[in-house]
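Subject: Structure handover

Hello,

Here is the structure you asked about. My notes follow it.

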Amino acid sequence: MTASQDTIGQICKLLEPFNSTGKVLTPDTEISTDLNIDSVAVMDFVMEVEDHFDIEIPLNVVSETHSINDLAMVVDARTKKA
Amino acid sequence: MQMIDLLEKHKGIAERHARMMAMGVDAVGLTNDKILSPTRAVINGRETILAGTNNYMGITFDADCVRAGQDAMAEFGTGTTGSRIANGSYALHKELESELAKFLKRKHCIIFTTGYQANLGMMSGLAGPKDTIFLDADSHSSIYDGCALSGAKLVRFRHNDAADLDKRLARSEGEEGGRLVVVEGIYSMLGDRAPLADFVEVKKKYGFQLLADEAHSFGVLGPHGRGLADEAGLEDDIDFIVGTFSKSIGAIGGFGAGNHPLFETLRYAMRPYMFTASSSPASVATSLAAVRKLAAEPERRGRLGVNSARLFAGFKGLGLDLGCDTVSPVIAVKCADEISTIAMWNALLEAGVYVNIALPPGTPNRLCLLRCSVSAAHSFDDIDKIIALFGKVVASRAAA
Ligand SMILES: Cc1ncc(COP(=O)(O)O)c(C=O)c1O
């Protein structure tokens, strides 16, 4: 399953300030491992995503999302509901 | 099939540690060869001022506390060899619980083997998979771990931001299950306090149960030393408090307390209470003696306040960038980056003062910190030496 391109694009924009590796972000980029972002920074980043889309992404859900696409699918599902 | 080495994933940690060791420093593997007093140790063969111990009351060598521990060990033995559920309580456990309940002015108190377990126990005992825990973003790891153990839905709100909590509560309005909000009295890294009155306002609007971890504020804040809720005059609005014996009490152990009529049932619902050995007699007895000291000697709290204000003012005078703008015994200096923080920490140690080094991800906002904790047992001379050394090592670097 893939998320909407639009959501992926917006997430990438929010993620860029946390990306100190210079790697190009793709839907398959693993947020924590590929970009070497520690656990606290991942939670901070997700908070930005929550506020940007005005949705709630509980930490339990965060721990099950790894790639940008995973997170975008969560966002898509939760923005639709609202 | 090929074996995947489980420890391989920690290679990054080993590399980071090796980089530190290459600088000739092992900031996370320090050994105190001798402890001379609450504020002095021998480290690397040098007598060193301790300014990173959380020994707020300077009570670790108090003659009455030491004797209470020795007597209890002689009378009840070295350990309890089991949990209270399996092996039964010792009279001492119950005595400490009732003394502490009296001190805290709470109907019920349950003690744990460590403060870490107190948070694991309280979070997982209070909240279950159908409930939601709203926790401050800067919460201590023991709170995060307790939340994970609970199986509850976890929502993180921006640090000390009641409006942000309000927004997140509104987002989850209508969901099933109870809601627990968790804050801390004094945050262990930056030394700032939770704006309790703001959170209590939000509580009145939404209705939830509120827990405060007073680990760094118990014994320290408030006219009676009961913590931030005591200082803020809001104890009736805080449903549960958690605390530790490892800081102002100078021992080891932790507690949860509250007035809820069903509070005692938590004893049969908290795995970190049920499935671990209870505190040793010596530990319980020293904690008990220390709680009585805190109640009988409020001047310790006064002295701690004076010392904290002196260090805070001294650091401000040096132009250092501090963790927060209110005085507490936790005074953190923000530094530029990991390498310079390690170098300064080492220079301070070589000059004879030990402070904590705190680096991401153990810190909020990826900060690199030199964290001091003040003790009532520090002399003015100690405080002035710490200020002078920070002037020499830290302020001069920041200016350079
Ligand atoms: C806020 C907070 N809660 C809980 C704990 C855990 O306490 P303990 O060290 O007694 O396990 C600590 C300290 O380590 C703490 O800073």
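B:N365 sits in the loop between strand 13 and strand 14 of chain B. (Helices, H or I of at least four residues, and strands, E of at least two, are DSSP runs numbered from the N terminus.) B:N365 has a positive phi of about 55°, although it is not a glycine. This residue is exposed, with a relative accessible area of 59%. (Exposed means over 50% relative accessible area, buried under 20%, partly exposed in between, with a 1.4 Å probe and protein chains only.) The loop between strand 13 (356–358) and strand 14 (368–373) of chain B also holds B:P361. The peptide bond from B:P360 to B:P361 is cis, with omega near 5°.

B:K105 also has a positive phi, about 55°, and is not a glycine. Its loop lies between helix 4 (91–104) and strand 4 (108–112) of chain B. B:K105 is exposed, at 65% relative accessible area.

A word on the source. This is a predicted model: local features need pLDDT of at least 70, side-chain atom pairs count only at pLDDT 80 or more, and totals for chains, interfaces and linings use all residues. Residues are numbered from 1 along each chain as its sequence is written, chains are lettered from A and ligands numbered from 1 in the order in which they are written, and side-chain values use heavy atoms, leaving out hydrogens and water.

Now the ligand. It is surrounded by 15 residues, and the closest are B:Y116, B:D213, B:H216, B:T244 and B:K247. (The cut-off is a heavy atom within 4 Å.) The shell divides into 2 nonpolar, 10 polar and 3 charged residues. Helix 5 (residues 115–126) of chain B gives the most to this shell, with 3 residues.

- B:D213 has a side-chain N or O atom 2.7 Å from a nitrogen atom of the ligand.
- B:H216 has a polar side-chain atom 2.7 Å from a ligand oxygen atom.
- B:K247 has a polar side-chain atom 3.2 Å from a ligand oxygen atom.

The protein covers 84% of the 390 Å² of accessible area that the ligand has on its own.

Last, strand 6 (residues 153–157) of chain B. Of its 5 residues, 5 are buried. B:K153, B:V155 and B:F157 point one way, B:L154 and B:R156 the other. Strand 5 (residues 132–136) of chain B runs parallel to strand 6 of chain B, joined by 5 bridges. B:T132 has B:K153 as its bridge partner.

Best wishes

Note on methods:
Pairing = 2+ DSSP bridges. Polar contact = N/O pair within 3.5 Å; in protein donor to acceptor, adjacent residues only side chain to side chain. Areas by Shrake-Rupley, 256 points an atom, 1.4 Å probe, with all protein chains shown as cover. Nonpolar A, V, L, I, M, F, W, Y, C, P; charged D, E, K, R; others polar.
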